[in-house]
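I am keeping notes on what I looked up in this structure. The entries follow the order in which I looked.

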Amino acid sequence: MNMIKTSSGDIGLVVAEAIREVMTKATAGMTVATYIEAESPVGWDALGDAGWDLSGVIEDKDSATLRDLVEIAGAWGSTLIQLPLMTTILAKRHSAAAAETDGPITFSIPIQSIAEPSGFVPFGQVPDISIVDSFEGGGMVHPFAQGATLEFAPSLLAAVTPVTTVLSDDVRRELAVVWAAEAVGSARRVLLDAVEFAKQRQQFGKPIGSFQAVKHHLANAHVAAEFAETASIWASLQPEDSERAITQSFKEALRSVQLSIQVYGGLGFTWEMGLHFYLRHITTLRELAKGVQRNA
């Protein structure tokens, strides 16, 4: 694999732009509802061959920072592609054993909705995925033996395992920050789609986007998305404020999505529109972030 090399501070923007370009082509003409419960429109090889899975590895002063990962996570969150890119980036960033392992990597996180001592394994349903047992000391990587699956958020292809991964304080913070940034990306995608819908959908012979009430909803959704992004960036730059900023980021991301969905009226709550997948994705990421912070 070829690791992406660029100056410090540029890595996130470069990878994020590449993700947007590749995923836009791969999902052209498709809504999330057409692929989220089927085969991913992109294979893992496309990500690994591009070296994206190694973009977070720390080698020198020019390596990716957490601020870079916020950019990458935001771009990835907008796709809702059911592949473990961000989990693999973070695993290979903090585990030498994971960085030396080809293919996707995951880990097990305790969350309140799962009875102890079981853990939530993002993308545990992905074939041939490996799992890190510890991010402290000499952690090892093992093939993951899939157990029970969790279907609430199909974008995360989650599974359950009896044990949880040992997390360092640095890993806990970075996981929570990256998940918040990914949630922001999902919220922005829902907002952009809502704007397009408002331009095309007509009532009384006019696009609904011309109605003041709809304009206000979209404006409020935009402001909430901006607040959510600012909070996630702040969390990446200020460790002492990160927990509070992460909480605020998720709160505003969810508010943005909820406002955007209202623009669709009754259609927003139908299965075929697929908007609920974004809502479930963000809600689950919020629970994962709480899980790593609660068990610090």
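At what angle do H7 and H8 pack, and how far apart are their axes? I read an angle of about 160°, with the axes of H7 and H8 9 Å apart.

**Entry 1: ground rules**

I note that this is a predicted model, in which local features need pLDDT of at least 70, side-chain atom pairs count only at pLDDT 80 or more, and totals for chains, interfaces and linings use all residues. Residues are numbered from 1 along each chain as its sequence is written, and side-chain values use heavy atoms, with hydrogens and water left out.

I take helices (H or I, at least four residues) and strands (E, at least two) as DSSP runs, numbered from the N terminus. Axes are lines fitted to C-alpha atoms, for helices over the stretch in contact, and angles run from 0 to 180 degrees between N-to-C directions.

**Entry 2: H7 against H8**

I wrote down that H7 and H8 are therefore roughly antiparallel to each other. For the wording I use these cut-offs: under 35 degrees is roughly parallel, over 145 roughly antiparallel, 65 to 115 roughly perpendicular, and the rest oblique.

The crossing of H7 and H8 is left-handed. A crossing has that name if the near helix is turned anticlockwise from the far one by less than a right angle; clockwise makes it right-handed.

I then looked up the contacts (heavy atoms within 4.5 Å). On the H7 side, the residues that meet H8 include Arg173, Val177, Val184 and Leu191. On the H8 side, those that meet H7 include Val214, Leu218, His222 and Glu229.

**Entry 3: H8 by itself**

I checked the length of H8, which covers residues 212–237. Its 26 residues should span 38 Å at 1.5 Å a residue, and the end C-alpha atoms are 38 Å apart, which agrees. The expected span is 1.5 Å times one less than the number of residues.

Which residues of H8 are buried? I list Val214, Leu218, Ala221, Ala224, Ala225, Ala228, Ala231, Ser232, Ile233, Ala235 and Ser236. Here buried means under 20% relative accessible area, exposed means over 50%, and partly exposed lies in between (1.4 Å probe, protein chains only). Among the elements that cover these buried residues are H4 (66–77), H7 (169–200) and H9 (242–262).

I found that the axes of H8 and H9 come within 7 Å and cross at roughly 160°. That makes H8 roughly antiparallel to H9. The crossing of H8 and H9 is left-handed. Among the residues of H8 that meet H9 are His217, Asn220, Phe227 and Trp234. Their counterparts in H9 include Gln248, Glu252, Arg255 and Leu259.

H7 and H9 pack at about 20°, with their axes 9 Å apart. That makes H7 roughly parallel to H9. H7 passes H9 in a left-handed crossing. Trp179 and Val190 are among the H7 residues that meet H9, and the H9 residues that meet H7 include Phe250 and Val257.

**Entry 4: Val171**

I picked Val171, which lies in H7. Val171 is buried, with a relative accessible area of 3%. Which residues is Val171 in contact with, leaving aside its neighbours within four places in sequence? I found His94 and Phe135.

**Entry 5: the sheets**

I count two strands as paired if DSSP finds at least two bridges between them. An open sheet of three strands has the order S1-S3-S4, with mixed pairing. S1 (105–106) and S4 (141–143) stand at the edges with a single partner strand each, so one side of each is left without a neighbour in the sheet. S3 (residues 130–132) pairs with S4 in the antiparallel sense over three bridges. Within this pair, Ser130 has Pro143 as its bridge partner.

Leu150 stands opposite Ala158 in S6.

**Entry 6: the loop between S2 and S3**

Phe123 sits in the loop between S2 and S3, and its phi is near 65°, a positive value. Asp128 is found in the loop between S2 and S3, with a positive phi near 60°.

Is each of them buried or exposed? Phe123 counts as buried at 4% relative accessibility, whereas Asp128 counts as exposed at 74%.
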